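Hello,

Here is the structure I promised to pass on. My notes follow below it.

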Amino acid sequence: MADNNYEAEIFTLTDENGNEIDFEIIGQHEMNGEHYVALLPAEEEEKDGGQWEYIVLKLAKEGDEEILVTVDDDDEFEAIAAYFDDLFASEIDYD
């Protein structure tokens with residue numbers, strides 16, 4: 001029998017108002033030399049219609065530290081969001 005234990009990778013991020021929110025990494029992808037992560041709030045409730053809302057952030061360097069930043073370029077965001085949308089749509093089990 002396969003081991004179904006799953007340890008979520010949780011990160012605490014601080015929003016623009018200083019609120020700390022726990023997020024789970026649900027996907028990662030490298031595109032055009034940049035590394036992106038898709039994150040779901042750890043306490044996220046399923047929305048009406050069975051939809052989950054996730055955010056996409058980009059890994060950036062600040063000095064010697066790696067930080068997560070928003071994707072401000074519209075074309076860049078649309079490309080990576082389309083990748084994650086396709087990825088998550090293909091993982092849905094309709095059984």
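The protein chain has an accessible surface of about 7,500 Å², and carbon and sulfur atoms hold 43% of that. Areas come from the Shrake-Rupley method with a 1.4 Å probe; for residues, only the protein chains shown count as cover.

This is a predicted model: local features need pLDDT of at least 70, side-chain atom pairs count only at pLDDT 80 or more, and totals for chains, interfaces and linings use all residues. Residues are numbered from 1 along each chain as its sequence is written, and side-chain values use heavy atoms, with hydrogens and water left out.

The order from the N terminus is β-β-β-β-β-α. Helices (H or I, at least four residues) and strands (E, at least two) are DSSP runs, numbered from the N terminus.

Of the 95 residues in the protein chain, 23% are buried. Buried means under 20% relative accessible area, with a 1.4 Å probe and protein chains only.

Now the cores. A nonpolar core is a set of buried Ala, Val, Leu, Ile, Met, Phe, Trp, Tyr and Cys residues joined through side-chain atoms within 4.5 Å. The largest has eight residues: Met31, Tyr36, Ala38, Val56, Val71, Ile80, Phe84 and Phe88. Strand S3 (34-41) and helix H1 (74-90) are the elements that each give two or more of them. H1 supplies the largest share, three residues. A second, separate core has six residues, including Leu13, Phe23, Val37 and Leu39.

Look at Val56. Leaving out residues up to four places away in sequence, Val56 touches Tyr36, Val37, Val71, Phe77, Ile80 and Phe84. Contact means heavy atoms within 4.5 Å.

Best wishes

How values were computed. Buried < 20%, exposed > 50% of the residue type's maximum accessible area, 1.4 Å probe, protein only.
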